[in-house]
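Here is a short report on how one protein chain is packed and paired. Have the sequence and the structure open as you read.

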Amino acid sequence: MQSFSQSRMIAVGVAVAASMTVGIGGTVLADVSSDVLKAMSAPQAVDTRIGTLEFNKGVPTDKTAQTVFDTVDFTRALNAYNNSFRGASALAIKKGMESVGAGSGDVIIFSDLMDSTSLFLTANADTVYYMAYIDLSDGPVVIDQPTDGLGTLNDMWFQWVIDIGKPGPDRGLGGKYLIVGPDYDGPLPEGGYFVAHAKTNTVLYALRAFIANGDDPKPAVDNVKQNLKIYAYKPGSFGTSIAEALEGKVRLAGEPQIPEMKFIEGSGLSFNTIPPSDYGFFELLNENVQNESATSYDVELAGQLAAIGIVHGKPFEPDERMKQILSDAAQTGQAFGRALQWQFAQKQPDWAYYEGSSWGNMLFQGGAFFETPPPKFEDGIFKPFPPTGARTLDSRTAFYYAYTLDSPGMIMRIPEVGSQYLMGFVDADGNPYDGSKTYKVTLPKGIPAAAFWSFTLYDNQTRSMLQTPQKYPRAGSQSYPSPAAVASEDGSTTVYFSPEQPDGVERGNWIQSDPDKGWFTILRLYSPLPGFFDKSWRPTEIELVQ
């Protein structure tokens, strides 16, 4: 079967052949048909999506040229917003940490869990978060990782560096990680470390620890505070044998002095980690570009940024025309990020996890790297899909607009490892959730979570935990920080979402909404079981009660 382009080329060839004439000396001359000329020429005027474009013998009028320049600049700015929200978001997290007094290697820990006081994109109120940013510009840094962690290390473009804890090479047993920056060319140890190389001079360390028996975070907090160490690597120390030093490539050194760790209590702190969606977004993005090397992100994205005036090593000085274009692009990009959440069925129906359902997850489209779906896991082994060779741009844009940090551990299809997520943005009738109304959802018997499960409510505007008198807008199987949900006699569990606790509903089965705000939710399944992956278990849609 011929493609459209092949058919058109054949038609053009026929038209040319049909109009061939023989000139002086037998030279073959081709009279190109009028249809061919029309297809390649600029008309005197043409109506398009961006207005009427006018040409004088093929030359754009000054007005048309300016219209086209403005459109292309806007398109490039919009692409830059969508494709680099991750970079601005990563820097916003770092700046948020700095705003509460954290320096490189200082750890913010949420001993009483994260609540709705701070602005974090879709964080949870079920696990003990501990996080830091780490500066690698002076050389590699060692992380002495405690046991029982679960998390990852990302660079300042949310490019994955390495998983740490249960999904990482230490498998939750703890160990030494050596993080190497892009400019380091010195000696590295022979062994004793899990070595990871980052493309940026700053990395984000974000870990979670589970609550003991689902009701007491203190053991997890104590484990982190007593055993987590972050310090500069000393070449020639632990990991370097005397035999290697005899080769003259590295000088033997004693063990590094490990400074006292600084822990900052995050529970109850009010600070922001989310980038703006106005002109300030591009200022933040430029700051990230200037902070990191020109090769820390791919050349295609670098070209998009350069096209709107953001270039490493050069001042970002847009004129008033360009500032307005950038502002418009940020607002349009924000609308696109939101539309991909609430109206994903119109743009990406395959994101629905179950057929005919509003429960979705964009990560299954292209996996953690937004290119190929995550491999299947059958008979104890992974069965990868062939690479697609194409970036799943919408899933990447949707993910980073409302979520942070990336890891293969977030989307792997392996029972009892990691966690899985189902996002709910609209009710059973396809309508966004209204904080003044009452809704319910039922989880059938046999919830596929070996560790625990939970719902969390988020504010539509901030994509952070919804702020209500509840403080912890969650419900789940754990009894901390709010009572555990109670199952019905048939083993199913029903959770309600409403401004006031419904009559006859247990406290643990209710999450408070705000009558003046919209919300969305995420169902989290920690250590998911096969019933989730084979879809034999399925929650109901969230239904409007009144």
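The report covers a helix, the nonpolar cores and the salt bridges of a predicted model.

## Helix H4

Helix H4 spans residues 218-227, and its buried residues are Ala220, Val221, Asn223 and Val224. Viewed down the helix axis, these fall within an arc of 160°, so they line one face of H4. Lys218 and Gln226 are exposed on the other side. The cover over the buried residues includes strands E6 (107-109), E7 (128-135), E13 (202-209) and E15 (263-265).

Aspartate 222 is partly exposed, at 25% relative accessible area.

## Nonpolar cores

The largest nonpolar core has 127 residues. Ile143, Tyr205, Phe282, Trp453, Phe455 and Phe497 touch the most other members. Helix H3 (residues 62-99) gives the most to this core, with eleven residues. A second, separate core has six residues, among them Val142, Val180, Tyr193 and Tyr231.

Tryptophan 453 has contacts beyond its sequence neighbours, including Leu443, Ala475, Val495 and Leu525.

## Salt bridges

The whole structure has 13 salt bridges. One joins aspartate 144 and lysine 176, at 3.0 Å, N to O. Aspartate 144 sits in strand E8 and lysine 176 in strand E11, so the pair ties together parts 32 residues apart in sequence. Aspartate 144 is buried, at 14% relative accessible area. Lysine 176 is partly exposed, at 24%.

Lysine 383 pairs with glutamate 378, with their closest N and O atoms 3.0 Å apart. Asp70, Asp73 and Arg321 form a salt-bridge network.

Technical notes: Residues numbered from 1 in each chain as written. Predicted model: local features only at pLDDT ≥ 70, side-chain atom pairs only at ≥ 80, totals over all residues. Heavy atoms only, no water. Buried < 20%, exposed > 50% of the residue type's maximum accessible area, 1.4 Å probe, protein only. Helix = DSSP H or I, 4+ residues; strand = E, 2+ residues; numbered from the N terminus. Arc of directions from axis to C-beta. Contact = heavy atoms within 4.5 Å. Core = buried A, V, L, I, M, F, W, Y, C linked by side-chain atoms within 4.5 Å. Salt bridge = Lys/Arg side-chain N within 4 Å of Asp/Glu carboxyl O. Lists of a residue's contacts leave out its neighbours within four places in sequence.
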